[in-house]
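Please look over the model shown here before reading the notes.

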Amino acid sequence: MSARILIVEDEPAIRELIRVNTQHAGYTPAAVDSAESAARWLDGATPDLIILDWMLPGRSGVEFARELRADPKLKAIPIIMLTARAQEGDKLQAFDTGADDYVTKPFSPRELMARIRALLRRAAPESVEDPVEFAGLRLEPDTFRVFASGQLIELSPTEFRLLHYLMRHPDRVLTRARLLDKVWGDHVYIEERTVDVHIRRLRLALNPSGHERLIETVRGGGYRFLPK
Ligand code: CA
């Protein structure tokens with residue numbers, strides 16, 4: 001069955017552009033023009049991915065993304081945020097709301113399709129159990145083992161989950177809030193500093209093989225896993 005994509009965009013030309021392109025790519029799109037219509041649509045159906053415009057009349061895309069992330073039934077649906085603003089601060093805010101990726105307008109349909117494909121692939125449930133490997137660092141979810149240049153390394157369960165999440169989202173800035181949410185779960189009482197503590201331990205464990213360089217600190221942002 002082809003993946004269902006909900007498009008939330010108030011500009012008719014862009015909405016239609018995305019609808020036509022997703023359909024052409026073999027997906028099943030549904031298009032609405034506001035967060036309110038999207039909420040009604042979501043009452044009766046669950047899409048595999050949501051493309052959400054940042055600037056919408058009424059409830060903004062940012063607000064709506066936060067609502068989706070707070071809803072246990074909808075929080076796992078990947079979101080691509082469309083934004084006309086390219087400033088770094090806004091991008092970070094987009095990730096803070098829980099968007100999985102963002103695309104800056106104007107965008108090429110090809111680029112958007114590539115992002116959709118990547119996100120759907122990442123979101124596929126079976127991929128979570130597949131081993132991930134970058135630059136000689138290999139993590140095996142089913143055996144809970146990590147190899148750095150062929151050497152088994154010791155990690156606590158938290159560091160293992162943290163590394164797994166980082167490796168499943170390479171090349172992206174992951175805020176501390178997001179890491180807390182995804183790795184620790186809904187433990188809101190945990191301070192963001194906790195993430196730094198575990199990153200430090202993770203780097204120590206990866207230090208002998210030189211793989212600590214794959215975990216980059218992004219000033220004012222969070223962390224990024226470098227795939228090479
Ligand atoms: Ca708009």
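Predicted model: local features only at pLDDT ≥ 70, side-chain atom pairs only at ≥ 80, totals over all residues.

Residues are numbered from 1 along each chain as its sequence is written, and side-chain values use heavy atoms, with hydrogens and water left out.

**Overall build**

- The chain contains eight helices and 12 strands (DSSP runs, H or I of at least four residues for helices and E of at least two for strands, numbered from the N terminus).
- Along the principal axes, the C-alpha atoms fill a box of roughly 55 × 35 × 30 Å.
- Of the 228 residues, 47% count as buried (under 20% relative accessible area, with exposed over 50% and partly exposed in between, using a 1.4 Å probe and protein chains only).
- Contacts (heavy atoms within 4.5 Å) between residues at least 6 apart in sequence join residues at least 24 apart in 56% of cases.

**Nonpolar cores**

- The largest nonpolar core has 28 residues, of which Leu137, Leu163, Leu166 and Phe225 touch the most other members (a core is a set of buried Ala, Val, Leu, Ile, Met, Phe, Trp, Tyr and Cys residues joined through side-chain atoms within 4.5 Å).
- Elements that each supply at least two residues of this core include β7 (137-140), α6 (157-168) and β12 (222-225).
- The largest share of this core, six residues, comes from α6.
- Beyond its neighbours within four places in sequence, Phe225 is in contact with residues including Phe134, Leu137, Leu163, Leu166 and Arg172.
- Another core, of 21 residues, lies apart from this one and has Trp54, Ile79, Ala99 and Tyr102 among its members.

**Helix α7**

- In α7 the buried residues are Arg176, Arg178, Leu179, Leu180, Val183 and Trp184.
- Gly185 follows α7 and has a positive phi, near 90 degrees.

**Calcium site**

- The calcium ion has as protein donors Asp10 (OD), Asp53 (OD) and Met55 (O), at 2.1 to 2.3 Å (donors are N, O and S atoms within 2.8 Å of the metal, or 3.2 Å for Na, K and Ca; water is not among the atoms, so sites may look incomplete).
- The donor residues are spaced D-x42-D-x1-M in sequence.
- Asp53 counts as buried because its relative accessibility is 2%.
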